[in-house]
Amino acid sequence: MNRLRNNIILVFSISAVLVFILTYAFMAAAKDNSTFFLKDLEGNRSALKDITISGYLEDRYHGRYFEMKNSILNSKFVYYQHQNDIAMLGNLQNLANAIKHDEFVYTYQYEYEISPGSKTAEYPKENSPIMNSLSIRKSAVFTDSIDIYARISKRYVDFSSPHFDTIYFSPGLRYTRSSMEIEFNKDVYGDVSANAEYQKIHNIIYNLNRETFPVPLPKMAMTILNNELYFSIVCTKEYSGRNGIYKAVNFEPWWHDSKYKGTVDTITSFDLDKTNMEVLGLDAVNDNLILLLFEDNLFKARLYNTEGQQLDELVFTDILSEKGLPEYQSFINNNCLNIYLKYENENNFTENIILSIQVEDENMSLKHKIKKNTSQETYLYNITSKGNMLYVIALTKDRDEIKIYPSEWQAPGHFIICAFKTEKDRTYPVYKGELVTDAADDYSRNLYNNDTSFGYNYYDYRQFELVNVR
Amino acid sequence: MKKMYYLINNEFKGLYRVVLVLVLVLIILQQFLLIRSIKYYPNRFERFELLFSKSGCIIIFLVCFFALCGLCIFNAYSNYTESKSIYTLLTLPLPREYMYFSKLISYSMCFLTLLASQIISAWIGYGLFYWYVSSQQIATNITLPVNNGLFLAFIRSDFFRLILPFGFMGFISSLAVFISLVCTIYYGVICERSKRYFRFAIVILNLSLIVLSLVHRINSLTVLGVYESNYIHVLTAAIFLTTVFIIYDSLRLIKKSAIV
């Protein structure tokens, strides 16, 4: 006992250090203990031998980099100590209303104005709580025609500067109805007292009440070609006026005192009053542009050069827009444009269509075509065409599995790899596999925790990111 | 070195009983809180690291931590009361650095023991959590608890990442904070005893650097916040520099007998 007391510091220090050493040894051993393997569901894994699939399974604290080469899967644990280590944040993809190129991100939004000369009717907002204010007057203005303006902002991706440049552009797009049903909220600022003699207006602001807008609001298809931004307006056939392919030539600082900031070149223009056209997307392949559209309800892919000359066109008579525009995603590898179209049908079925269009010189040809109905939700990571093979990597969520979670985005998914082969103009599946992981365990807490009042941090859950096929 | 070892052991003899009590209180209270937390049904689906923080275990650690800080300060001041053993220590036929470093090492061992006991408590707590949850019938198609859950808890908990950093820069930062904290606590006592009150500015500066460092380590992975560049190496270097100054100044004051 005396000996123990005479060496008490040694007893404590060795014990403490041993605890740390054993724990670190445990962590070093456990870092590769996660579930991570490829499970073959259909076909032979050798279908993947010609490609390398890589990516990350990561949350904001750690990641697992994986690479599958010659059908052999390897992975490596990565510990994150700062945001800069998170792989996905350094390479943002699939932005909602923006596109990233180099250190810049281009974001679009639309602004709406009552068309000059259109019919209007104004009604003061009698029940507005500030009706007795001397500095603001609110009213509702109804009209039957609005003009649509596009604003594209260019800023640094990492927000290192608060400054942004902008383009404000009028493509000549319009929406017109037969009756005055489109509502704008009108706010008049200034000295707006009842005595007209003393009224002095500083500013009038109109805001579109989107709930009164009967058709889907327009979106924008943007693409980068030779470091230049090209864009087109994605809108349904109810719109009129003009649409086209445009090039952003010059951005101006946002504080410049002019309404139409920046310079835009029109590559090619379409008269929507004369054609029944709905633009779906715009992509750049090799040194040309491919415009994806529905014309007279038929799906078409048109190849243009940067001077606006149409070089080629593919028509798909079995892909229609009668029930609305599909969701659209594109992936480009080498000189191939891979398109994913998704139609929502009744009874929670979706029709998934994948097309691979090869561009050579000034011609396009269809390489692969797949049409499949499924009850699963599909989120694509990558589509790659190589030779006569097509590889599709996606996250799928089974509707029956989703039902036990509060919502779809709080439910885990399955990482699926599919390979297809095209022979004699017919594309058929040759392999389907799942990368099985324990990342779904992260979602178990959502089974009983529907409280998102403090927000839902996407980065708290392990996600597949930067999935690449080469 | 034998004399140094004897001195360290002697210093620690006056501390280890209280440290043992604190360690036991920490482990027992945290298990109690975890068990109470697990009995609330939704927590059976929760990740261990989130359950650990929700149940209040981190507060228990902080209470024990500050109690240990108080113990070290009390121990330093006890040399000036009753038997006034500080005079004995200063007149020992030993370099005065031995006296300083013996106290520093014994205080470091106290904090190291507390951290080790926190890790032991995490192991025991996870074992209880795993046994309790896996013995319940929750859902047929859900695997509970999370696979490799303890490792993920150490990796995904902001608290455990400070105690068990798995990366090189994080380890250096945690080491700097640990050494600096012990030196700063004793330096505060030395400054007060030697009536160098202006030097408290160094104490405040170093504590601020420690807090900034800990906050930066946690915030740097808070993705939804404003982007913050990585300057942990700057903070760590600053902490090391001020700690070197603190050690140098402490030795100077002790050698000059300014502390009596």
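Here is a short note on a surface patch, a pocket and some cavities in this structure.

1. Before you start, please keep in mind that this is a predicted model. Everything below describes that model.

2. Let's begin on the outside. Four residues of chain A, namely A:Leu10, A:Ile14, A:Leu18 and A:Leu22, make up a nonpolar patch on the surface. Together they have about 380 Å² of accessible area. To find your way there, look for helix 2 of chain A, residues 8-30, which holds A:Ile14.

3. The volume of the second largest pocket is about 1100 Å³. Its lining has 40 residues, and those nearest the centre are B:Phe65, B:Leu115, B:Val177, B:Phe178 and B:Leu181.

4. Helix 9 of chain B gives the largest share, with ten residues. Both domain 1 (1-164) and domain 2 (165-260) of chain B take part, each with at least three residues in the lining.

5. What is the lining of the second largest pocket made of, by class? You will find 34 nonpolar residues there, along with four polar and two charged ones.

6. Now for the cavities. Searching the whole structure turns up five of them at 30 Å³ or more. The largest cavity holds about 120 Å³ of space. Among its 14 lining residues, A:Ser34, A:His62, A:Arg64, A:Asp438 and A:Arg462 lie nearest the centre. Both chains contribute: strand 3 (62-69) of chain A and helix 7 (149-156) of chain B each give at least two residues to this lining. By class, the lining of the largest cavity has six nonpolar, four polar and four charged residues.

7. The second largest cavity has a volume of about 90 Å³. It is lined by 14 residues, with B:Glu46, B:Arg47, B:Phe48, B:Phe129 and B:Val146 closest to the centre. Helix 3 (48-54), helix 6 and helix 7 of chain B each supply two or more residues of this lining. Helix 7 of chain B has the largest share, three residues. Sorted by class, the lining of the second largest cavity comes to eight nonpolar, one polar and five charged residues.

Notes. Residues are numbered from 1 along each chain as its sequence is written. Chains are lettered from A and ligands numbered from 1 in the order in which they are written. This is a predicted model: local features need pLDDT of at least 70, side-chain atom pairs count only at pLDDT 80 or more; totals for chains, interfaces and linings use all residues. Side-chain values use heavy atoms; hydrogens and water are left out. Patches are made of residues with over 30% relative accessible area and no salt bridge: like charges are joined within 9 Å, nonpolar side chains (Val, Leu, Ile, Met, Phe, Trp, Tyr) within 5 Å. Accessible areas come from the Shrake-Rupley method with a 1.4 Å probe; for residues, only the protein chains shown count as cover. A salt bridge is a side-chain nitrogen of Lys or Arg within 4 Å of a carboxyl oxygen of Asp or Glu. Helices (H or I, at least four residues) and strands (E, at least two) are DSSP runs, numbered from the N terminus. On a 1 Å grid over the protein atoms alone, a cavity is a set of points where a 1.4 Å probe fits but cannot get out, and a pocket is an open set with protein on both sides within 12 Å along at least five of seven lines; lining residues have an atom within 4 Å of a point. Grid points are joined across faces, edges and corners, and a volume is the space filled by probe spheres set on the points. Ala, Val, Leu, Ile, Met, Phe, Trp, Tyr, Cys and Pro count as nonpolar, Asp, Glu, Lys and Arg as charged, and the others, Gly among them, as polar. Domain bounds come from an automatic or database domain assignment.
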